[in-house]
Amino acid sequence: MILLQSHSRFLLQTLLNRVQNLEKSVELDYHWVEFDDVRYHVQVSMKNPHIILLSVSLPTPPLETFFLGGLPFGAIEAIKAAYGVTVQILDPPRDGFNLTLKLNLSKLPPDEENRYSILVKVASVREVVLGAPLRVILKYLASRTVAPDIDRLVALVHRPNESFFLVPQAEKVTVVFPMRFKDSIDTVLATSFLQEFMESRRTAGLSNAPPCLWSHSPPLELQGATGDALSANAGFVTFGNIKRLVSFTTFSVVVNMTNSIMCNKCSYFPSSCGRQKVGPYCVEFINISCICELSC
């Protein structure tokens, strides 16, 4: 199965370079933006070469999403669980950022394999933070319960002022993706693509796949959502039950696959592909969208 890399390649390389050159007292001050929405800032001072300050600015959340202290719910707990004593959360974060982490390189594991694993996790901070609400919901799903004090409809931020939705229940979690495109040609291509996508799912090899639907109008699960949240010019894709995926693999893989769907949405319908048949892309999209038989 093809999955997007969950970590920032530039951030990982920056961390690796710093670890490999600790004896050099070099000051770092890097700013960059990835996915057109997540902004990073890395700082290292000559006085404390073992300390890295990593600040992250998240996409602007739409009105329907719930942020607590500038972060999605469950984010603080997810950061502590992922990084342990290696990383400290600074409160308040640096101006203009949602989160600032203090990474102490002297607390990294001595062996290279575990050290690399921790650095990859740090470079995956975007997924750790934005995927935190989904992790919370999946943990309760595994025990066939619903997280307390959680809304019937949970909106997760994906891109600036864009979200996708979770409908948590004790026996299943339904995921709904509004499909939005700025370019009119992309909208036409996406609509055609998604129609073939639904036809492709009827093949014998996908008969055991979790339920998936596409419709022009909002599904019933989105009742109560705001008008802006329902403004999807290419319809809605609904995955009816991701409980089976949780039983097959880890929470992290499911979170990555779910986020990959929205990221790949932007790359699978370029206007430049207008002369190509969309059929072959359907099979690949099915693989990435984790609705074919899981082979992790």
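Strand β8 is largely enclosed by the rest of the structure, because six of its six residues are buried. The model is a predicted one. Its chain has 296 residues, and 51% of them count as buried. The secondary structure comes to nine helices and 12 strands.

**The five-stranded sheet**

- β8 belongs to an open sheet of five strands. The strand order is β8-β9-β10-β12-β11, and the pairing is antiparallel.
- Two strands sit at the edges: β8, residues 154-159, and β11, residues 212-215. Each of these edge strands pairs on one side only.
- From one strand to the next, the twist averages 20°.
- In a regular strand, side chains alternate between the two faces of the sheet.

- What does β8 pair with? Its partner is strand β9, residues 162-168. Five bridges join the two, and they run antiparallel.
- Val154 stands opposite Leu166 in β9.
- β8 and β9 form a hairpin, with two residues between them. Asn161 lies in that turn and has a positive phi of about 60°.
- β8 is an edge strand, yet six of its six residues are buried.

- β11 pairs with strand β12, residues 236-239. The sense is antiparallel, over four bridges.
- Leu213 is placed opposite Thr238 in β12.
- Helix α6, residues 184-200, lies across both β11 and β12. The helix runs at about 145° to β11.

**Glu221, in the loop between β11 and β12**

- The loop that links β11 to β12 contains Glu221.
- Which residues does Glu221 touch, leaving aside its neighbours within four places in sequence? The contacts are Arg152, Leu153, Val167, Thr174 and Val176.
- Thr174 is 47 residues from Glu221 along the chain. Their C-alpha atoms are separated by 8.2 Å.
- Val167 is in contact with Glu221.

**Helices α1 and α3**

- Two packed helices are described by the angle between their axes and the distance between the axes.
- Helix α1 covers residues 9-20, and helix α3 covers residues 112-123. They pack at an angle of about 140°, with their axes 9 Å apart.
- That angle makes α1 oblique to α3, because only angles over 145 degrees count as roughly antiparallel.
- The crossing of α1 and α3 is right-handed.
- From α1, the contact is made by Leu11, Leu12, Leu15, Leu16 and Val19.
- From α3, Arg115, Tyr116, Leu119, Val120, Val122 and Ala123 take part.

- Helix α5 spans residues 132-142. Its buried residues include Ala132, Pro133, Leu134 and Arg135. Ile137, Leu138 and Leu141 are also buried.

**The chain as a whole**

- How much of the contact set joins residues 24 or more positions apart? Such pairs account for 65% of the contacts with a separation of 6 or more.
- The accessible surface of the chain comes to about 14600 Å². Carbon and sulfur atoms hold 53% of that surface.

Key:
Residues are numbered from 1 along each chain as its sequence is written. This is a predicted model: local features need pLDDT of at least 70, side-chain atom pairs count only at pLDDT 80 or more; totals for chains, interfaces and linings use all residues. Side-chain values use heavy atoms; hydrogens and water are left out. Two strands pair if DSSP finds at least two bridges between them. Axes are lines fitted to C-alpha atoms, for helices over the stretch in contact, and angles run from 0 to 180 degrees between N-to-C directions. Contact means heavy atoms within 4.5 Å. Buried means under 20% relative accessible area, exposed over 50%, partly exposed in between (1.4 Å probe, protein chains only). Accessible areas come from the Shrake-Rupley method with a 1.4 Å probe; for residues, only the protein chains shown count as cover. Angles under 35 degrees count as roughly parallel, over 145 as roughly antiparallel, 65 to 115 as roughly perpendicular and the rest as oblique. A crossing is left-handed if the near helix is turned anticlockwise from the far one by less than a right angle, and right-handed if clockwise.
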